[in-house]
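Here is a short tour of a structure for someone meeting it for the first time. Have a look at it, then read on.

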Amino acid sequence: MNLRFIKKTIFLIPIVMLVAVGLVAVLAWKALKPINDKTGFNRKLLIKELEIMKAVDKPQNVLDFAGFTNHHLYFKTKNPAKVYITDSDLQNDNYIELNIPINRKIASRFSCIVDSPAVYVLAGNLPGILKTQPGDSCKSYQFPNAIFTRTALISPNSFALRMFEGTDQIFAKGNPSTGELLKEKNISEKNKDAGISTDGALFYDRQSNLLAFVQYYKNEIICLDTNLNFVKKIKTIDINSRSSIKAAEIKKEGVITSLTPKRLLNASASIHNGLLFINSKIKGDNETKEAFTNNFSIDIYDIKNSLYKGSFYIPVYKNDQMTNFLITANSIVVIYKKYLVTYKLPL
Amino acid sequence: MKRNLAIEVISGLLILLFVYTAVSKLLDFTTFQVQLSKSPFINAYANTVAWTLPAGEILVALALTFKRTHLLGLYASLFLMTMFTAYIWTMLHYSYYIPCSCGGILSKMGWNQHLWFNVGFVLLSIIGIILQKKQNLVYSKKPEKKTEELPPVVYTAMS
């Protein structure tokens, strides 16, 4: 082989590749720089490491939490007619079969709430609420009259909802068996963006009797009473965080979608006994990049007194990422992509 | 002969890939533009990239079609495929948000599958460049035609 040929080819190929990689590296650096800058807050870590109680392989069809009692944990699966159940130690697992009709619309978006022995399947796209018990027939309510995206059970047959009104989403409270529906009065921001920029997770706390809405893209928690009266807004500790989400309608497809990357500030949350636990995606200035990347930061807020109590880490487990977590009386139950793990609650 | 065939096959595959992806993007331009705007790395340049990327892919496909620009087309393919591969890898490892991938049949692939697909085409581009350069070298070394030497002119004295 000609030496000149070898030299020219050997050098030119990697040069072309380096330029290409360099261009991407510059774009990435520019985009990620604001995220790597100082955030202006410190996280108060309450403990160094959580104590693991039990870890098991997660069945592939398990998606999310559906509820818990003192002795059992319930999980939503891909099939609305099946609920996965284990005891508090993640042992003795089984499936509860429900008399839910097979329906594409139900399966396209649903949540499952177990208020033992009742099981509610809340089908946001139907829209409708189905109530059943194992071995019993299913009662189906065409309620509410608009698509809904978030739900929280207040008491048997009483739900807090986040539902569509026009091209926005609002808070509502309803009873599917009576058809009663109460809508909020001027609480939600109306941006005509299908509620994308104001999306979040909705919770009801029995102890404080408050509804808490943790916003995904804003550093605040909206608290309402059970009559949907505004109580307060609690700011989360990442005081300088901003995530600007813009959305618009693609007229050709009749779809409203975001036009900017969705930068989550708060990824998931759980509420228990007046304490709201939030998985924050914003690194504190006193945290190392390594610690923040290898763990999920959970910030604890007393929602009655609007106080930040401190934080702890839920670790990445066997290189697996957390998808959601649940706080029970004395444990933290974590759903990873491939595992279910319980940790001792550090409080 | 074999080398020629290999170059043609590689070029054919690259042309097919670029034409298919360019046309898919142009046929559903609004969706493509919206998807670009959701990328944390490209958001600021979404409108520019939306036009230049499919145009660039078509130009590269054209360059691969003609013999004179074949090698240039292969280098351009290497550049584009390396850039796409680096983009996917960086998104998977550093991005805080991963939007849907590009259109057509490739949108059926997950991001990891897409990454390996691109790596395959990077390797094909490299092989194509090496083979094309070797072929160019062979053609440039073909022997020149020998011109016949005329005998020297001999003058004889006329008696």
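Two strands pair if DSSP finds at least two bridges between them. The strands themselves (E, at least two residues), like the helices (H or I, at least four), are DSSP runs, numbered from the N terminus. What you see is a predicted model, where local features need pLDDT of at least 70 and side-chain atom pairs count only at pLDDT 80 or more, while totals for chains, interfaces and linings use all residues. Residues are numbered from 1 along each chain as its sequence is written, and chains are lettered from A and ligands numbered from 1 in the order in which they are written.

First, confidence. The model scores ipTM 0.84 and pTM 0.85. pLDDT is the predictor's confidence in each residue, from 0 to 100; chain B averages 85, and 81% of its residues score at least 70. In chain B, helix H3 (residues 46–65) has the highest confidence, with a mean of 95, and helix H5 (residues 111–140) the lowest, at 88.

Now for strand S7 (residues 118–123) of chain A. A residue is buried if 20 or more other C-beta atoms lie within 10 Å of its own, exposed if 12 or fewer, and partly exposed in between, with C-beta atoms placed from the backbone. Five of the six residues of S7(A) are buried, so this strand is largely enclosed by the rest of the structure. S7(A) pairs with strand S6 (residues 110–115) of chain A in the antiparallel sense, and the two form a hairpin with two residues between them. Asp115(A) has Ala118(A) in S7(A) as its bridge partner. Another hairpin joins S7(A) to S8(A) through four residues, and there Val121(A) has Leu130(A) as its bridge partner.

| Strand pair | Bridges |
|---|---|
| S6(A) and S7(A) | six bridges |
| S7(A) and S8(A) | five bridges |
| S10(A) and S11(A) | six bridges |
| S11(A) and S12(A) | seven bridges |
| S15(A) and S16(A) | five bridges |

In the hairpin of S10(A) and S11(A), Asn157(A) takes a positive phi near 70°. S15(A) and S16(A) belong to an open sheet of four strands, ordered S14-S15-S16-S17. S14(A) and S17(A) are its edge strands, each pairing on one side only.

What about the inside? A nonpolar core is a set of buried Ala, Val, Leu, Ile, Met, Phe, Trp, Tyr and Cys residues joined through C-beta atoms within 7 Å. The largest one has 72 residues, and Val121(A), Leu211(A) and Ala212(A) have the most contacts inside it. Apart from it lies another core of 39 residues, including Phe32(B) and Met81(B).

Finally, how do the chains meet? Two residues are in contact if their C-beta atoms, placed from the backbone, lie within 7 Å. The contact takes 24 residues from chain A and 25 residues from chain B. On the side of chain A that touches chain B, H1(A) gives the most, with 14 residues. Over in chain B, Phe32(B) is among the buried residues of helix H2 (residues 29–37). The buried residues of H2(B) pack against S18 and S19 of chain A, together with H1 and H3 of chain B.
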